[in-house]
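Trainee: Hi! Could you walk me through this structure in plain words?

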Amino acid sequence: MSEELPELRASDADRERVAEQLRDAMAEGRLDMTEFEERLDATYKARTYGELAPITRDLPSHPGRVSMVKRPVSDDPDAIDWAERMGGEATSTGAFAFWSGFTRKGGWTVGRTFTAFAMWGGGEIDLREARFATRDVEIRCYTIMGGLQVVVPPEMNVVVKGFGIMGGFDDKATGVGTPDSPRVVVKGFALMGGVGVDRKVRRQEKLRLKEEKLRMKERRRRERLERRDEWREMHERRRRERRELE
């Protein structure tokens with residue numbers, strides 16, 4: 001990096017990339033809410049690369065500076081960059097729950113197949129932040145007097161083929177997502193139990209909405225202070241005018 005680079009002006013897209021990394025760190029538990037809010041505030045106030053770089057220097061997958069490689073920016077700021085989430089070896093290929101429960105969520109890598117079984121227990125398979133070893137994924141869910149929940153982002157291509165026997169296998173999430181998203185097929189059976197497949201927004205989007213509320217709250221606070229100062233100034237001006245008339 002040249003000496004001049006830290007003084008280059010950062011763009012809105014650069015600040016948003018740093019904010020996205022902070023959201024990931026927050027979701028992974030690397031930052032608490034206070035640290036997240038402080039760093040996020042510094043991110044949106046930053047004007048140069050030199051001001052942005054230290055904000056995420058101690059976080060994983062950060063090379064010590066803001067990347068100068070510009071990527072196409074989607075019209076939707078919350079759109080998933082599926083190309084970045086493809087590849088790698090599966091970190092988990094199955095899960096089992098007997099009188100207990102399991103969870104697969106966060107930045108785990110899903111292989112070509114994932115098999116889940118729950119008997120008198122339950123489990124959650126959350127794909128909203130997951131990576132994918134391949135674009136075609138098969139989630140096999142089997143439950144006996146138990147429950148399994150599969151959570152996918154709204155942008156994902158999903159096909160549900162399971163069935164219930166004295167139980168339920170929910171297929172309301174079946175539908176087409178964005179053209180470049182992985183295709184996830186959920187199949188299996190529920191015997192006197194249930195399997196649910198739901199589309200839910202990602203944690204980053206929830207955090208973004210919270211950020212917007214915080215910024216709106218701060219904006220309103222500043223507006224109240226400005227109105228108060230204007231009222232005081234106007235009141236003081238009128239007092240001076242009355243004194244002059246006397």
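Mentor: Happy to; we can go through charges, contacts, loops and surface patches.

Trainee: What should I know before reading it?

Mentor: This is a predicted model, in which local features need pLDDT of at least 70, side-chain atom pairs count only at pLDDT 80 or more, and totals for chains, interfaces and linings use all residues. Residues are numbered from 1 along each chain as its sequence is written, and side-chain values use heavy atoms, with hydrogens and water left out.

Trainee: Okay, salt bridges. How many does a search of the whole structure find?

Mentor: The search finds eight. A salt bridge here is a side-chain nitrogen of Lys or Arg within 4 Å of a carboxyl oxygen of Asp or Glu.

Trainee: Which residues does Lys172 form a salt bridge with?

Mentor: One partner is Asp170, with the closest N and O atoms 2.4 Å apart. Another is Asp198, where the closest N and O atoms are 2.7 Å apart. Strands (E, at least two residues) and helices (H or I, at least four) are DSSP runs, numbered from the N terminus.

Trainee: Is Lys172 buried or exposed?

Mentor: Lys172 is exposed, because its relative accessible area is 58%. Buried means under 20% relative accessible area, exposed means over 50%, and partly exposed is in between (1.4 Å probe, protein chains only). Asp198 has 17% relative accessibility, so Asp198 counts as buried.

Trainee: And which residues do salt bridges that share partners join into one network?

Mentor: Glu138, Arg140 and Lys187 are joined that way. Within that group, the side chains of Arg140 and Glu138 meet at 2.6 Å, N to O. Arg140 counts as partly exposed because its relative accessibility is 30%.

Trainee: Switching topic: what does the side chain of Ser92 reach?

Mentor: The Ser92 side chain reaches the backbone oxygen of Gly94 at 3.4 Å. There is also a polar contact of 2.8 Å between the side chains of Ser92 and Arg104. A polar contact is a pair of N or O atoms within 3.5 Å; within protein, one must be able to donate a hydrogen and the other to accept it, and residues adjacent in sequence count only if both atoms are side-chain atoms.

Trainee: Where does Ser92 lie, and why is it called buried?

Mentor: Ser92 lies in strand S1 (residues 92–98). Ser92 is buried because its relative accessible area is 11%.

Trainee: Now the surface. Which residues form a nonpolar patch?

Mentor: Phe96, Phe98, Trp99, Trp120, Met145, Phe163, Ile165, Met166 and Met192 do, with about 1000 Å² of accessible area together. S1 and S9 each supply at least two residues of this patch. Phe163, for instance, lies in strand S9, and with a relative accessible area of 44% it is therefore partly exposed.

Trainee: How is a patch defined?

Mentor: Patches are made of residues with over 30% relative accessible area and no salt bridge; like charges are joined within 9 Å, and nonpolar side chains (Val, Leu, Ile, Met, Phe, Trp, Tyr) within 5 Å. Accessible areas come from the Shrake-Rupley method with a 1.4 Å probe, and for residues only the protein chains shown count as cover.

Trainee: What is the phi of Trp120 near?

Mentor: Phi of Trp120 is near 55°, a positive value in a residue other than glycine. Trp120 lies in the loop between strand S3 (109–119) and strand S4 (122–126). Met166 also has a positive phi, about 55°, although it is not a glycine. Met166 is exposed because its relative accessible area is 66%.

Trainee: Last one: which residues make the charged patches?

Mentor: Asp32, Glu35, Glu37 and Glu38 form a negative surface patch, and Glu37 is placed in helix H2 (residues 33–45). Lys217, Arg219, Arg220, Arg224 and Arg227 gather in a patch of positive charge, with Arg220 placed in helix H4 (residues 203–245). Lys and Arg count as positive and Asp and Glu as negative, while His and the chain ends are not counted. The place of a charge is taken as NZ of Lys, CZ of Arg, CG of Asp or CD of Glu.
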